[in-house]
Amino acid sequence: MAPILFSIGQFSLPSFGLFLALGFIFATVLVWRQARAWDLDEEKVLDLTLLSFFGGLIGARIYFIFAHLNFFLAEPIKIFLFNRYPGFSFWGGMIAGGLILIYASKRFKQNIWQIGDTAILGLIGGMVFGQLGCFFGGCSAGIESSAFFASSVVGLVGKRFPVSLIEAIILALLLFRLWPQAIKFHVFGRVLSKGLIYLGFIKLILEEYHDQKGGYFFSMLLIFLGIFVH
């Protein structure tokens with residue numbers, strides 16, 4: 001665990017912020033590579049990426065704040081100090097980012113299924129770094145564990161199951177599996193379908209290892225959405 005990577009005077013570099021930035025860059029590269037492979041309008045695809053990312057980020061923070069309302073109401077300034085008080089809900093980001101992506105794709109007159117295939121790979125790639133950031137920053141703790149690979153979390157007693165690290169590894173493997181399918185000819189919507197189903201199962205299985213649970217419904221919803229898209 002290393003919430004702060006290093007400090008120089010008044011400047012501190014939080015690990016979560018760094019990995020979040022790396023995740024955005026990596027996701028953008030993945031989306032751009034797919035846009036070039038399918039000869040999409042790169043400018044519009046980049047605009048969609050920016051809109052969905054920042055919209056999802058805001059949605060993720062808002063969802064987290066409402067889930068921990070008493071903590072933030074005590075000192076409202078904490079809402080904006082996400083470097084010192086990290087906390088973003090995957091489900092809030094997924095809902096907000098997804099809705100913005102659908103709306104903006106229609107406004108930009110893009111094929112929503114083709115954009116969805118492109119976006120899901122960017123999302124998974126970004127999540128790899130996001131989960132690594134959570135592991136080092138301590139923003140998503142696992143259950144108490146005596147396993148040899150369990151790690152300490154700042155502010156919590158006992159060693160914890162490194163659920164964020166495990167999820168990052170599984171997501172990296174998923175990205176490696178889906179990428180060849182995404183850049184080759186396929187029926188639009190197929191990669192999106194598989195991505196949603198895999199993500200739903202990953203979240204559903206790992207939910208049991210989170211210290212604070214509450215994502216079972218959304219995990220099942222992702223699976224059903226993936227089946228519906230297919």
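This is a predicted model: local features need pLDDT of at least 70, side-chain atom pairs count only at pLDDT 80 or more; totals for chains, interfaces and linings use all residues.
Trainee: How many helices and strands does the protein chain have?
Mentor: There are eight helices and four strands in the protein chain. Both are DSSP runs numbered from the N terminus: helices are H or I with at least four residues, and strands are E with at least two. Along the sequence, the pattern is β-β-α-α-α-α-α-β-β-α-α-α.

Trainee: Which share of the contacts joins residues 24 or more positions apart?
Mentor: Such pairs account for 69% of the contacts with a separation of 6 or more. A contact means heavy atoms within 4.5 Å.

Trainee: Let us turn to helix α2. What span should it have?
Mentor: Helix α2 covers residues 42-67, and at 1.5 Å a residue its 26 residues should span 38 Å; the end C-alpha atoms are 37 Å apart, which agrees. The expected span is 1.5 Å times one less than the number of residues.

Trainee: Which residues of α2 are buried, and what covers them?
Mentor: Among the buried residues of α2 are Val 45, Leu 48, Ser 52, Gly 55, Gly 59, Phe 64 and Ile 65. Their cover includes α1 (15-37), α3 (69-74), α4 (90-107) and α5 (112-137).

Trainee: What happens at the start of α2?
Mentor: A side-chain oxygen of Asp 41 comes within 3.1 Å of the backbone nitrogen of Glu 43 there.

Trainee: Next topic: how many salt bridges are there?
Mentor: A search of the whole structure finds three salt bridges. The term means a side-chain nitrogen of Lys or Arg within 4 Å of a carboxyl oxygen of Asp or Glu. Side chains of opposite charge can pair when their charged atoms come close.

Trainee: Which residue pairs with Arg 160?
Mentor: Arg 160 forms a salt bridge with Asp 211, with the closest N and O atoms 3.2 Å apart. Arg 160 lies in strand β4 and Asp 211 in the loop between α7 (190-206) and α8 (216-229), so the pair ties together parts that are 51 residues apart in sequence.

Trainee: Are those two residues buried or exposed?
Mentor: Arg 160 is buried, with a relative accessible area of 7%, whereas Asp 211 is partly exposed at 37%.

Trainee: What else lies around Arg 160?
Mentor: Not counting residues up to four places away in sequence, Arg 160 touches several residues, including Ile 143, Glu 144, Ala 150 and Val 153. A polar atom of the Arg 160 side chain also lies 3.4 Å from the backbone oxygen of Gly 142.

Trainee: And which residue does Glu 167 pair with?
Mentor: Glu 167 forms a salt bridge with Lys 203, the closest N and O atoms being 2.6 Å apart. This pair links distant parts of the chain, with Glu 167 in helix α6 (residues 163-182) and Lys 203 in helix α7, 36 residues apart. Both Glu 167 and Lys 203 are buried.

Trainee: What about Arg 36 and Glu 42?
Mentor: Their side chains meet in a salt bridge at 3.7 Å, N to O. Arg 36 is exposed at 51% relative accessible area, and Glu 42 is partly exposed at 35%.

Trainee: Last one: where is Asp 39, and what is its phi?
Mentor: Asp 39 lies in the loop between α1 and α2 and has a positive phi of about 55 degrees although it is not a glycine.

Conventions: Residues are numbered from 1 along each chain as its sequence is written. Side-chain values use heavy atoms; hydrogens and water are left out. Buried means under 20% relative accessible area, exposed over 50%, partly exposed in between (1.4 Å probe, protein chains only). A polar contact is a pair of N or O atoms within 3.5 Å; within protein, one must be able to donate a hydrogen and the other to accept it, and residues adjacent in sequence count only if both atoms are side-chain atoms.
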